[in-house]
Amino acid sequence: MSNEQSILSIPISPETHKDVWVYAEVRHDNLIPTVFELLFLGKKLAADLNEKLCAVIIGKNVSQHAQTLIDHGADKVYAIEHDHLEQFVDETYAKLLTDLLLKEKPNKLLLPASTIGRSFGSRVAVQANTGITADATELSINKEKGGLLNATRPSFGGTLMATILCVRGHRPETATVRPMTFPRATPEPGRKGDVVKVPVDLSGFKPRERHIRFEPEVSQEIDISQATIIISGGYGVGGANGFNALHDLAKTLGGAVGASRRAVDSGWISYRHQIGLTGRVVRPKLYIAAGISGQIQHLAGMNSAETIVCINKDPEAPLMKLATLSVQGDLFEILPAINKELQKCGFGAK
Amino acid sequence: MHILTCIKQTPATDNVQIDAVTGTLKREGMAAAINPFDEYAIEEAVRIKERVGGDTKVSCLTMGPPQAEEALRDAIARGADAGFHVCGREFAGADTWATSYALFKAIEKISKEVSPVDLVICGKQTNDGDTGHIGPGLAAWLTWPNVAYVRKVEDIKSNGTGQGGTIVVHRLMEDGIDVLEMDLPAVIAVIKEINEPRVPSLKGKMAGKKAVIPRWDAAALNISLDHVGLKGSPTIVSKSFRPSMKTGGTRIEGNSPEEKARKLVEKLKELKVI
């Protein structure tokens, strides 16, 4: 049977699927923070369905995390563990997770909308013949429709919200969940749960995709996707040196530095810092925009931040009108003054 | 070598109209262009063609309404050699499962009837759906290896069209860069950092205008109607709405930067965000 036929012949039988699963992404030996958000969310969904919350981990020596996952709410942990799985490789990981999904038949599957989760989830969804929602920010159980997953997500750069339903019985209903959207589960140390070590047989599997090396980001700052505070600069920053004022403030606040497309395209800061439609989407508690006018493409990347502060010379700039708090003035005067004020209050002290 | 880019014609960002019945985007009659991310995919394909040389060809594939053919002509103007158009009412309302399936069937047809495809390049995501699902989804149907979020093609070796080879790519991660090697055929999805797309040349524009673009419906692709469009999609949009946009907040006033800074920090403490 061809691969196409074997995907299309996977039976659609929602009644045989049970439990809420969370993909517990491990990156360089650590569970990524979004996993704890997924456990918080998954616990709620599982309780609403009266089903179990399960976590699945893939990698080398990953069962060391099993108790942590149980402490944070997992009733059962599936560990897919093998020395050859040290690094995430789409092809291999997708094969192993698909095999497990087809065998264990979960009802829902949540993955972090991280670089890995977004790419991995969409491959697995096709291989397991099911529907997937990308980047969900609101998830709930639809009781009127027999416990379907309501997965609501921003599309069109955040200008439109859409609620997606997997209505034709494909399971597990799968969603990637945008980081920094939910609170993290609180641990109950010593909680009881089951750990299932999934047998992994890679003999006869010839991977055509190989991880060669990892080049770590040299900067010591946290990545914008996990930052609770982001100081972001636009064209008004005027040059690479101009970003020093932003880095100083980020250091004091323990935040990360972001940038608009124009600042990145001008070569003042690297692409990984770019926020917006052609950059990355962030959801910090506090977003401080300095010298960013706020074109719709930029708003697409940050408009779900909890509190937005805008510092701009131009009181008519779109972001000045939208911000929770706006300060009119020269960012090179205002930012250092904020930094000084914060240090006076004890921020940034070692 | 035969490189194929998957592109989509998408509406301009600030012009969203929703179909009241299906809850999906209304595409007809909207100002549209190549999805910005796909411009990087086309450019990278053309650069690989220039790098590998020989008889390397770049094809472009799209699925969309009749006017989406314009996007294929534009892609040819930017350096692609041929365009293929999956088009038919039956495809409307497709989710990422049904879209990747239809594109897969078209790639199979191109591989069989034109020449075997060695590398599929997609943009990171579209600017309308924003999912990023099509590249990895296609790889699942094709059973090829794939890497998404590619910021650089470090190396590519082709043994000739349909004869395999290898590609080494850099994937942008939250904490650095993963370098991965794949055997060809393979699928990659590229991000903006990978290149700076060129503007179409006059010669390219002429070629785009003259190109004969095959148009395939579900029957031509030998796809059952159970697996296309809204009817064949595992997921549907049950409702869509505009998010409540934040409206103006408080302006911090003051006679000096210091005074403004002090008031701002006070406010931020009140809001408990610092």
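Predicted model: local features only at pLDDT ≥ 70, side-chain atom pairs only at ≥ 80, totals over all residues.
Reader: What size of box do the C-alpha atoms of chain B fill?
Author: Roughly 70 × 45 × 40 Å, taken along the principal axes.

Reader: And how many of the residues in chain B are buried?
Author: Buried residues make up 54% of the 274 residues in chain B.

Reader: What about contacts in chain B between residues at least 6 apart in sequence?
Author: Of those, 70% join residues at least 24 apart.

Reader: Let's zoom in. Is helix H2 of chain B mostly covered or mostly uncovered?
Author: Mostly covered. H2(B) spans residues 69-77, and seven of its nine residues are buried.

Reader: Which ones are buried?
Author: Glu69(B), Ala71(B), Leu72(B), Arg73(B), Ala75(B), Ile76(B) and Ala77(B).

Reader: What follows H2(B)?
Author: Gly79(B) follows H2(B), and the phi of Gly79(B) is positive, near 120°.

Reader: Switching to rings. How many aromatic pairs are there over all chains?
Author: Twelve, from a search of the whole structure. One of them is Trp97(B) with Trp141(B), an edge-to-face pair. Their centres are 5.3 Å apart, with 75° between the planes.

Reader: Why does that pair tie together separate parts of chain B?
Author: Trp97(B) lies in helix H3 (residues 96-113) and Trp141(B) in helix H4 (residues 134-142), so the pair ties together parts that are 44 residues apart in sequence.

Reader: Are those two Trp residues buried or exposed?
Author: Trp97(B) and Trp141(B) are both buried.

Reader: Which rings form a cluster in chain A?
Author: Ring pairs link Tyr23(A), Phe88(A), Tyr93(A) and Phe120(A) into a cluster.

Reader: Where does Arg262(A) lie?
Author: Over the face of Tyr235(A), 3.6 Å from the ring centre. In chain B, the charged end of Lys109(B) sits over the ring of Trp216(B), 5.2 Å from its centre.

Reader: Now the two chains together. How do H10(A) and H6(B) cross?
Author: H10(A) is residues 331-344 and H6(B) is residues 257-270. Their axes come within 8 Å and cross at roughly 55°. That angle makes H10(A) oblique to H6(B).

Reader: Left-handed or right-handed?
Author: The crossing of H10(A) and H6(B) is right-handed.

Reader: Which residues make the contact?
Author: From H10(A), they are Glu333(A), Ile334(A), Ala337(A), Ile338(A), Glu341(A) and Leu342(A). From H6(B), they include Pro257(B), Ala261(B), Leu264(B) and Val265(B).

Reader: What does Thr307(A) contact?
Author: Leaving aside neighbours within four places in sequence, the contacts of Thr307(A) include Tyr287(A) and Thr324(A) in chain A, plus Leu268(B), Leu271(B) and Val273(B) in chain B. Thr307(A) lies in strand S17 (residues 307-312) of chain A.

Reader: Why does Thr307(A) count as buried?
Author: Because its relative accessibility is 5%, and buried means under 20%.

Reader: Last one. Where does Leu172(B) lie?
Author: In strand S8 (residues 165-173) of chain B. At 10% relative accessibility, Leu172(B) counts as buried too.

Reader: What does Leu172(B) touch?
Author: Not counting residues up to four places away in sequence, Leu172(B) touches Thr115(A), Tyr271(A) and Arg272(A) in chain A. In chain B, Leu172(B) touches Tyr149(B), Arg151(B), Ile191(B) and Glu193(B).

Methods
Residues numbered from 1 in each chain as written. Chains lettered and ligands numbered in written order. Heavy atoms only, no water. Phe/Tyr/Trp six-rings, centres within 6.5 Å; stacked < 30°, edge-to-face > 60°. Helix = DSSP H or I, 4+ residues; strand = E, 2+ residues; numbered from the N terminus. Buried < 20%, exposed > 50% of the residue type's maximum accessible area, 1.4 Å probe, protein only. Lys NZ or Arg CZ within 6 Å of the ring centre and 35° of its normal. Axes fitted to C-alpha atoms, helices over the stretch in contact; angles between N-to-C directions. Parallel < 35°, antiparallel > 145°, perpendicular 65-115°, else oblique. Left-handed = near helix turned anticlockwise from the far one by under 90°. Contact = heavy atoms within 4.5 Å.
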